[in-house]
Structures are given as structure tokens and as C-alpha cells.
Amino acid sequence: MGHPHDEVRRARYAVAAVFAVHGAVTGSFATRVPWIQDHASLSAGQLGLALAFTAFGAACAMPLAGRISHRFGSRTALRGLLALWTLSLVLPSLAPNLYTLCLAMFAFGAASGMADVAMNALGVEIERRLEKSIMSGLHGMWSAGALVGSAAGTLAAHLGSDARLHHVLAAAALTLLGMLACTWVLDVQPAEDEEPPPRFALPPRSAVLIGAVGFCAVFAEGASLDWSAVFLRDRMGTSAGLAAASTTGFMLTMAVARVAGDAVVNRFGAVRTVRSGGALAGLGGLLIVLAGHPAVAMGGFALMGLGIAVVVPLCFAAAGHAGPRPSQAIAGVATITYTSGLIAPSLIGGVAQATSLVVSFCVVTVLACGLTVFAGVLRTAERGGREQVSARAAAVPGPRS
């Protein structure tokens, strides 16, 4: 029988693979959105409406993830929910019109949200047992998976392949990889006297406060991803290629910062890391707003990505440590952040329409600076996580599985 620490270490790598698979589905879908739009004969406005149903589906379904994990155990629940997510990749490309695409995107978002909550809850449990930060690295693996999925999708689009065939093949491969990874994740079972979580419940107060921090970061992320290229093209007068490069730079700095973020968090703690990140993101926003040259704006977007990269992973970790029901708290934080990601692009566009893109990014900069002000809410969760680890260690002197 292996040492318990070896089991936890294997489970860490397995969950990292799960995060990568989850991200690869997102990347595979995103690159074929133009094909899906043409296939369903949609205008830009109709496509935006259909894509909004992704967030609606996630928000509705995420609270169910905790109850499913309680009923079946964490390993079986994650295996089923991850398979539901990978297989749902085929749905959007099959939709022939707006109505069926809205239904497909609702189901797609619901599957994504439930798998998201289940894998983050397991990540928090492993973090507790290892007694060190790992959530930033796990989300870095998600970003890496999304980049790989995007690269494969870009190749498929370049070759002119039918998205239905592409997504069927991708779903089959990712389902197999996901099921293999789930073999080694922790199988956390509820105590016999533990009450099942409610099917639907409002997020606990701690999750709302932590979610507010995540809201600021995701708002800045959504605004930068969707509007950075437009800002460079319209405000700076750059070519389409250089404008696209600003978005790529933003994504790369986020991915690199997430992979390296755990070392920073373990050294300085979550609160100081988020405050420093907020300062970097605020500086990046200031460069964007004041930029007189494309290189300055591109540097601003890169700093923005660097500053906000680890915030959402730390918010999920804090939510999982903040109370006795990690899945419920994580679902609450995830709902708030998904909402932020939903409203950010449209709100930026609305402000830009009424004023200018510069004013829009003034709003983004203010929210980014808010990270330095509100980062303290993570301190209570950080302390609670350490106390829960100590209590478990005292109560269970033997090997832990």
C-alpha cells in the first residue's frame, strides 16, 4: 500500500489533467464559433444572445454540483460531470438555427459549470492536504489546455473541416483523456451523518465577499479579452495582426503567471499576492488609458493579464476554505464570476458607445485597483483553511485517504 502523501500527489497531477481537459473543450469550441454562426445563419446580435445562454446555463446548474458529489462521492461525480462536459462539445455545431443553438448553449454552459465546481472543490481538498497553494497552477493548466484546444481548432478551421466532425473527434479524445485522469483523483465521501447540500441555495455571505473580488478580476479579464484588439485597431490605428497580438500577449501573460503563481502565493500569501496583482493591473490600466503608442497599450494589456491572473484561482481556494461546504461556496463564487464575465463585454461596449473606449477602460482600471482594497477578505478564508487542516490532522492521526 502506497504512502498517503503519494496518493495525494498523484491526485494533484490527475486533477491538473482534468483542468487541462476542461480548458481544451473551451478552446476547441471558441475557434469554431464563426463556423457555428454561419451554419445557423445568425447575425452578430443573435450570436451574442445565444452565447449568453452559456452563462445562464452555468449559473442555474452549478449549485447542483455539490449535491451530486455528496450523493455519488467526488470521484464518480467528477467522472460523470466531466464526461457530460466533454461530450456536450458536439451540441453547438449541430444546431441549425437560433432557437436550437440557445438550447445547446444552455446545456453546454450547465455541463461546464457543474464540472467546474466539482474539479475546483477537489483541487481545494488536495490543497488542504498538501498545506500549500496549488490552485493557481491548476488554473494555469486550464489555460494551457485552452491554448492547445485553440491551436487544434485553428488548424481544423484552416483546413476547412466541418466543425461537426471536428467536435465529434475532439469530444471522443477528450472524454477518454478525462476518464483516464479521473481514475487517480481523490474519492472524498461524505460522513454518514452529514446532511446533503440543498439543490439550490443562495451563496453564503463569505462567498459573496470573496466573489466580489473575483468579480473585479473577471470583469477586467473579459473586457481585455474581447476589447483589447478593438482598442488597438480603433484607438491606436494598428493593423489587424498587431491588434490580435495584443490579445495573444494578454492570454500568454495570464497563463505564465498562473503556472508560476503558486510559488508566489506560498511565499507571500494570498492577500499580499492579490494586492500586488491589483497594483500591477491598475498600472496596466493606466498605461492603456494614457497610451499614445501601440507598444504602450500592448504593455498595459500584458500587465493587466499578469496582475489579475491568480485572483480567480485564489478566490476559488478561499471559498473552499471558508466554510464546511466547499462545493456550495465555490458554486456561489463561480456564479458571481460567470456573471461578471457575461456583463463585462456588453457593458464596456455600452460605455464606449456613449463615451469612448478610453472611458470604458477607466472603469476597468478602477475595478482592477479595487483588488488592492478588497483583497483582505481572503485573509479570513486563508486562516480558516489552516485551522481546518490542523483540526483534521489532530482528529485523524493515521493515514488519510
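A crossing is called left-handed if the near helix is turned anticlockwise from the far one by less than a right angle, and right-handed if clockwise. This is a predicted model, in which local features need pLDDT of at least 70 and side-chain atom pairs count only at pLDDT 80 or more, while totals for chains, interfaces and linings use all residues. Residues are numbered from 1 along each chain as its sequence is written, and side-chain values use heavy atoms, with hydrogens and water left out.

**Helices α3 and α4**

- α3 passes α4 in a right-handed crossing.
- Helix α3 (residues 44–72) packs against helix α4 (residues 74–87) at an angle of about 130°, and their axes lie 7 Å apart.
- The two helices α3 and α4 are therefore oblique to each other, a word for angles left over when those under 35 degrees count as roughly parallel, over 145 as roughly antiparallel and 65 to 115 as roughly perpendicular.
- Where they meet (contact means heavy atoms within 4.5 Å), α3 contributes Ile68, Ser69 and Phe72, and α4 contributes Ser74, Thr76, Ala77 and Leu81.

**Helices α9 and α15**

- Helix α9 (residues 205–235) and helix α15 (residues 357–374) cross at roughly 150°, with axes that come within 9 Å.
- That angle makes α9 roughly antiparallel to α15, and their crossing is left-handed.

**The loop residue Ser88**

- Ser88 is found in the loop between α4 and α5 (90–94).
- With 6% relative accessibility, Ser88 counts as buried, which stands for under 20% relative accessible area, whereas exposed is over 50% and partly exposed is in between (1.4 Å probe, protein chains only).
- Apart from neighbours within four places in sequence, Ser88 is in contact with Phe108 and Ala111.

Notes:
Axes fitted to C-alpha atoms, helices over the stretch in contact; angles between N-to-C directions. Helix = DSSP H or I, 4+ residues; strand = E, 2+ residues; numbered from the N terminus.
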